[in-house]
Amino acid sequence: MSKTPPFICIDSLDKDFGRRKVLNGLSLDVCKGEFLTIFGPNGAGKTTLLRILSTLSGFSSGSIVIDGFEIKENPAEIREKIGFISHNLLLYKDLNAYENLRFYGKMYNIPSPENRISELLQKVELDHRKFDVVGSFSRGMQQRLSIARALLHNPEIIFLDEPFSGLDVHASGVLDDMLEDFKKGNHTLIMTTHNIEIGLAHANSVAILSGGKIVYSKRGNLPDSDDFKSIYYEYAGDKA
Amino acid sequence: MSYLRHIMALVQKDIIAELRTKEMLNSMLIFALLTMVMFNFAFGSSSAMKAVSSGLLWIAFLFASLLGLNRIFVHEKDENCLDGLMLCPIDRSAIYFSKAISSFIFLSLVEIIALPIFTIFFIQESFLSHLWLLIIILVLSNIGLSVVGTLLSAISINTKARDLMLPILFLPVIVPILVAAVKSTELVLSVSSIDTQQFWIDITVWLRTLAIYDIIFALVGFLTFEYVIEE
């Protein structure tokens, strides 16, 4: 469809855990500004794929190139470009919200992060609690702060691993708004989810991961949720 | 320079979190003090005390350090904060050195409080003229315990029986440092009854052993830590 080289290029990716093959020759291209939702049954390898893309896990064979950088040779350059949001908070509960973000700001070499921290805390509606210890927050507030943490360095690429899992209505609303902002801001997003309605609501392309490989993908003109459920059952053989 | 800034930020984060909870420091300090009190009751002012005092000191510090090392990565495992660090564009050895420095600071704090109490309980001869030597021994030994313990703690944190795994891995590896620390401390505590020339020959050998051990294991940690924490 596009003649420009893909922004994220995954070729023949294999990942083994002992004798078990979790990813089996997975190939996938993602263009700049694309919002790809990956659906798949439990154990299909969705989280493993995102962990590999975000340099948290290694892989057995294949190649991954992100914005021209080979992932094994240039992990630091890739880490500067990515934000990772998951149901795990990646926050220190003994530090307050401001201390957490300031700490990660130093890790991402943000010169004077105060303005960015204030902006993000307002966005996730936690500026009034910024000096409270994170352990005293509700789960939804912690999730919102976790989103702010992932966006602190203004990443070009955002990976979302089941981001709506465990979110309250308020936090889901904040995340919904942010996902729409990312789309307008030409960010490249890859989200994994079980929830077909949520996944289709934001995406402009979809893929189904099953048996360690992409068994279906579509870019643009996405089917509605009822049609997609039929497609999902056909390719993944599982209820979403 | 950013490498050092990352280490400083990581150490600062560990210190702020620990001072807020004091979980690790309290348990290390209480263990060290209790050990000394118990040994004081057991040995009283017997003649055997002089011979075993340096060993008692290092038993207290060794097991106090184990308590601390067991918890040095616990904050990182909570809510997968280690993943958060690994996502950052930092050299992963910076995480290793920051944890080793934090362990060193916490162990040194415990020793600063426990050492005067040890002196009151167990030491009859003055060693004040050689206190600086004892401080060097403590610093070199603490560096060794921290660099080895941090690496092994990172290995054990991903195992199911992590509280058991660390002592099993740690104790055999630190035997050389323990022997050097006990022997050199014994020399300093009995400095007044040893020939001066022989004292300097012996203490130099043990201090050199400690320094070499520290350098070797700091290098091993620096080179292997990335592979230890990677899946």
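Is B:Glu76 buried or exposed, and what is its relative accessible area? In this predicted model, B:Glu76 is buried, with a relative accessible area of 0%. The salt bridges over all chains number 18. Side chains of opposite charge can pair when their charged atoms come close. Selected pairs are set out below.

**Pair within chain B**
- B:Glu76 forms a salt bridge with B:Lys13, and the closest N and O atoms are 2.5 Å apart.

- A salt bridge links A:Arg51 to B:Asp83, with 2.8 Å between the closest N and O atoms.
- Because A:Arg51 lies in helix α1 (residues 46–53) of chain A and B:Asp83 in helix α5 (residues 81–87) of chain B, this pair joins two chains.
- A:Arg51 is buried, its relative accessible area being 15%, and B:Asp83 counts as buried at 11% relative accessibility.

**Pair and network within chain A**
- The side chains of A:Asp16 and A:Lys21 form a salt bridge at 3.2 Å, N to O.
- A:Asp16 is partly exposed, with a relative accessible area of 31%, and A:Lys21 is likewise partly exposed, at 40% relative accessibility.
- A:Lys32, A:Asp67, A:Lys81 and A:Glu156 are joined into one network by salt bridges that share partners.

Terms used. Residues numbered from 1 in each chain as written. Chains lettered and ligands numbered in written order. Predicted model: local features only at pLDDT ≥ 70, side-chain atom pairs only at ≥ 80, totals over all residues. Heavy atoms only, no water. Salt bridge = Lys/Arg side-chain N within 4 Å of Asp/Glu carboxyl O. Buried < 20%, exposed > 50% of the residue type's maximum accessible area, 1.4 Å probe, protein only. Helix = DSSP H or I, 4+ residues; strand = E, 2+ residues; numbered from the N terminus.
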